[in-house]
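Thanks for coming. Please have a look at the model on the screen, and I will walk through a few parts of it.

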There are 2 protein chains.
Amino acid sequence: MRIEELQTPALLVDGTAFAHNLETMSSALPGPRLRPHVKAHKCTALAARQAAMGHPGFTCATIREMEGMAAAGLGQDLLLANEVLDTSRLGALARSGARVTVAVDSEATIEAAARGGVPEVVVDLNVGLPRCGCAPDDAGRLAELARGRGLEVRGVMGYEGHVVGLEDRAQRTELVGQCMELLVKAHAAVGGELVSAGGTGTYDINTWASEIQAGSYALMDTAYGKLDLPFRQALEVLATVVSVSPGWAVADCGLKSLGMDHGNPTIDGASVWFCSDEHLTFSADPLPAVGDRVRVIPGHVDPTVAYHERLHVVDGHDVVEVWPVDLRGW
Amino acid sequence: MRIEELQTPALLVDGTAFAHNLETMSSALPGPRLRPHVKAHKCTALAARQAAMGHPGFTCATIREMEGMAAAGLGQDLLLANEVLDTSRLGALARSGARVTVAVDSEATIEAAARGGVPEVVVDLNVGLPRCGCAPDDAGRLAELARGRGLEVRGVMGYEGHVVGLEDRAQRTELVGQCMELLVKAHAAVGGELVSAGGTGTYDINTWASEIQAGSYALMDTAYGKLDLPFRQALEVLATVVSVSPGWAVADCGLKSLGMDHGNPTIDGASVWFCSDEHLTFSADPLPAVGDRVRVIPGHVDPTVAYHERLHVVDGHDVVEVWPVDLRGW
């Protein structure tokens, strides 16, 4: 199939840029040094390519992602880097043979893991992002509590999410150090083999973590594109110009095909005015014609992909593979 | 099933508020005076309730919505209020017995409708929102062109999308009048029975249109909630508190369960700090406990529903119906 035959809006993955991204990351973080995060792409076919690069374990954000990865034969070592109260589905997954580890940061989440039959946990620390994670000083106590409930404690986790997107590399580096100091100290109290942290923005400067949970590097977006990273923009939304007026044009992609929390998407050589549910209004000089195709680069990869049913891998104008986005929902 | 048994995040529809909204709208705009827009809910089960209130026609934004409505037996009079170049699927739909009308605003879209076998069109006008729609003065020429290509021209359409959300009712009323003056004038040049326009924010002040394309009224969101409208908030995202720290709590819904283009969602009695992919960080006094449920009210209904697989209709704590969100995608 040719790109020209695709119904729009459609997600395109530039096969060359994608391969470059996987190779670049695997060279920097070989094998278990990278635990790719599937939340960025929600696609087992893409995850299979990451596994083929030698990364045995994966990071997930939802129970559905854990189940889907196991069903796709990628359940060798799945970490749910998130707190869960209803662990019944995770327990069933563990009993079916997948290796299931879940993050805990409280007595309630430890109790839930134990009751649900999730055999292994990591203690999740707050290293500065006001989200999940226990206070660093409390990690040792929680690890002891978990072991007392019969859980295997594999180590610690602490995501420096407030740091990964900082554009100034020196500042990013300094702050990662501060975060990881907390994590390393807690690890001494907790024990276990894992110090899990990091993301695409800190993959090469977070040298404290034993494994990096990066996900966006595979497809990329304009937010990470502002950082000086060696990863290439591999994801685009293909859209069709459906209307042209004096001064602007309208393409058929909008709020339901683009994650908007990082603001408007971009179009090379054009100025994006605003998005509606199924429309993107933009100006360019010269304006395109009705029927022309445009390539729209999302501001934030994760919530963009989550709107779509499939990724179209392209080589020039050829669609060479179609990958279902099969890990959506919860 | 009880709400307590639902996996989270989950979309809840308050059955009482929903029924109130449908009754209120149908009293104001009975029968064909309302052409409900399905893009807001993407759910044929919900659309069937709207049809049961006596509204024979529907407005759609995508080809998939048109196909899904026809497949659900709701294809009596479907208007695609959007421009389309690849009309092959619409032509097939018309041949299968659905009544299919599509918006046109250019020679190219007229030509596409004729070639694809879409029998009926409306001429779409730009009434002030810089999006689709021809210049008002060009509507008559396009209608003539369409008739020359064998198309039935049913009338005009012009969405005052830049006006529907204005909080000042007097200003809203004045601007609707200016927009509709353009539409009514063009209608005189175009002919046909339809003058299709309007939305939830202008349903009772747009007295020029022969039919109103409102959709959000059925479920509502915080953006429309700021207007002085008689519709009640019927949609919530149910989430579970998975982590509590000194000063904040984290619920398990985020960027992938909430349309974010209107900004953060709200929680009654709490302050929402920010959303991540699967997390919402908020403060409240007192803070909830881990395991507590919270109700999150979306800023924008349309892109919120589009992330979810189903709507759970609730009566108190009972889930009385589950409606698939079956019109997603394109």
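I start with the largest nonpolar core, which has 220 residues. A nonpolar core here is a set of buried Ala, Val, Leu, Ile, Met, Phe, Trp, Tyr and Cys residues joined through C-beta atoms within 7 Å. Buried means that 20 or more other C-beta atoms lie within 10 Å of the residue's own; with 12 or fewer it is exposed, and in between it is partly exposed, the C-beta atoms being placed from the backbone. The members that touch the most other members are A:Val123, A:Val156, A:Ala251, B:Val123, B:Val156 and B:Ala251.

A word on the origin of all this: the model is predicted, local features need pLDDT of at least 70, side-chain atom pairs count only at pLDDT 80 or more, and totals for chains, interfaces and linings use all residues. Residues are numbered from 1 along each chain as its sequence is written, while chains are lettered from A and ligands numbered from 1 in the order in which they are written.

Back to B:Val123. Which residues does B:Val123 touch, not counting residues up to four places away in sequence? They are B:Val104, B:Cys134, B:Ala139, B:Leu142, B:Ala143, B:Val153, B:Val156 and B:Val190. Touching, or contact, means that the C-beta atoms of two residues, placed from the backbone, lie within 7 Å.

Next, two loop residues. A:Tyr159 is in the loop between strand E6 (152–157) and helix H7 (169–190) of chain A. Helices (H or I, at least four residues) and strands (E, at least two) are DSSP runs, numbered from the N terminus. A:Tyr159 has 30 other C-beta atoms within 10 Å, so it is buried. Not counting residues up to four places away in sequence, A:Tyr159 touches A:Leu129, A:Ala197 and A:Gln213.

In chain B, B:Asn206 sits in the loop between strand E7 (194–197) and strand E8 (211–212). Is B:Asn206 buried or exposed? It is buried, because 27 other C-beta atoms lie within 10 Å. B:Asn206 and B:Val100 are 106 residues apart in sequence, and their C-alpha atoms are 25 Å apart.

Now a helix pair. In chain A, the axes of helix H3 (residues 63–71) and helix H4 (residues 88–95) come within 10 Å and cross at roughly 15°. The axes are lines fitted to C-alpha atoms, for helices over the stretch in contact, and angles run from 0 to 180 degrees between N-to-C directions. H3(A) and H4(A) are therefore roughly parallel to each other; angles under 35 degrees count as roughly parallel, over 145 as roughly antiparallel, 65 to 115 as roughly perpendicular and the rest as oblique. From H3(A), A:Ile63, A:Met66, A:Glu67 and A:Ala70 meet A:Arg89, A:Leu90 and A:Leu93 in H4(A). By class, this contact has five nonpolar, no polar and two charged residues. Nonpolar covers Ala, Val, Leu, Ile, Met, Phe, Trp, Tyr, Cys and Pro, charged covers Asp, Glu, Lys and Arg, and the others, Gly among them, are polar.

A:Ala71 also lies in helix H3 of chain A. A:Ala71 counts as partly exposed because it has 15 C-beta neighbours inside 10 Å.

Last, the two chains together. The contact takes 46 residues from chain A and 46 residues from chain B. On the side of chain A that touches chain B, the largest share, four residues, comes from E9(A). That side divides into 19 nonpolar, 16 polar and 11 charged residues.
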